[in-house]
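Have the model open and follow along.

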Amino acid sequence: HKEHIIYAIDLNETGINDLLVDYGVVGRVGDIRDYETCNDVLSDFRPDVIYHAAAYKMVNQMETVPLEAIKTNVIGTYNLLHCAKRYEVPTFKYISTDKVVNSHSVMGQTKKLAETMVVNQGYTAVRFGNVLGSRGSVIPIWQRQIDQDKPMTVTDDRMERYLMTIEEAVSLVINADGPGVWILDMKKKINVLELAKQIAQGHPIKMIVQRIGETLDEHLMTAEEEATAVKNGPYYVIPNKIS
């Protein structure tokens, strides 16, 4: 029986330290944008599975610094993929986003390019909707606004999003087993204003201006992808086009 060891690499030194203290997870501080860092980690650790979650994901922030999005989301992914192939890592799971679909944002475009590279190398991409309670998601933002006695902000009363729980997101990553893009069937989209009203419980809500790169509506797949997607239990799988 082979012992399972989790090894983490992250720019967040306190996060790495917390993983060690709280869960005994070993790791090191490092940047996937540096090829030698990726090579050093994989040549030494030789993992069976890579979970690639490193990315810039704030749409409005990446519109102002597109080169940073390219360096992390594209070049960083390329570095990891190259090293994964070099050291014959059998399983590589990439955390993608529904913002890659019909995207007009820098963040969405860079994540789409990374997703394509991963799938074309025969690996797995998991395409998420918005994960409730995750860092950068709207729930923690609203909670901070409530705690600070500020109005909860909503971009537009027409805005709709696919929402998934952290448990659903983790399950998707674990159960995605094979090449292609894996997507959880999240049924129907949620109106963001209606969600805000449920959470507000009478707390004031303020409508704000739509930010650059932000869309009112999002989709899980393009029309072409819907035509080729295969249903696999609670998931859709978009197969790799390259044999």
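An axis here is a line fitted to C-alpha atoms, for helices over the stretch in contact, and angles run from 0 to 180 degrees between N-to-C directions. The helices themselves are DSSP runs (H or I, at least four residues), strands are runs of E of at least two, and both are numbered from the N terminus. Keep in mind that this is a predicted model, where local features need pLDDT of at least 70, side-chain atom pairs count only at pLDDT 80 or more, and totals for chains, interfaces and linings use all residues. Residues are numbered from 1 along each chain as its sequence is written, and side-chain values use heavy atoms, with hydrogens and water left out.

Start with helix H2 (residues 35-45), which packs with H4 at an angle of about 35 degrees, their axes 9 Å apart. On the H2 side, the contact (heavy atoms within 4.5 Å) uses Tyr35, Cys38, Asn39 and Leu42, and H4 brings Asn79, Leu80, His82, Cys83, Ala84 and Arg86. By class, that is six nonpolar, three polar and one charged residues. For those classes, Ala, Val, Leu, Ile, Met, Phe, Trp, Tyr, Cys and Pro count as nonpolar, Asp, Glu, Lys and Arg as charged, and the others, Gly among them, as polar.

Now stay on helix H4 (residues 66-86) and look for its other partner, helix H5 (residues 106-120): their axes come within 9 Å and cross at roughly 10 degrees. That makes H4 roughly parallel to H5 (angles under 35 degrees count as roughly parallel, over 145 as roughly antiparallel, 65 to 115 as roughly perpendicular and the rest as oblique). Residues making this contact include Ala69, Ile70 and Val74 of H4, along with Met107, Leu113 and Met117 of H5. The class tally for H4 with H5 is 12 nonpolar, three polar and one charged residues.

Is Leu81 buried or exposed? At 5% relative accessibility, Leu81 counts as buried (under 20% relative accessible area; exposed is over 50%, partly exposed in between, with a 1.4 Å probe and protein chains only). Beyond its neighbours within four places in sequence, Leu81 touches Phe92, Met117, Val118, Gln121 and Tyr123. Its C-alpha atom sits 9.8 Å from that of Ala114, 33 residues apart along the chain.

Further along, helix H6 (residues 138-147) and helix H8 (residues 192-200) have axes that come within 12 Å and cross at roughly 45 degrees. H6 and H8 are therefore oblique to each other, and their crossing is right-handed. Ile139, Trp142 and Ile146 of H6 meet Val192, Leu195, Ala196 and Ile199 of H8, giving seven nonpolar, no polar and no charged residues. Also in H8 is Leu193, which counts as buried at 13% relative accessibility. Sequence neighbours within four places aside, Leu193 is in contact with Val154, Asp157, Ile205 and Met207.

Finally, zoom out. The protein has nine helices and 14 strands, and 41% of its 243 residues count as buried. Among contacts between residues at least 6 apart in sequence, 73% join residues at least 24 apart.

Technical notes:
A crossing is left-handed if the near helix is turned anticlockwise from the far one by less than a right angle, and right-handed if clockwise.
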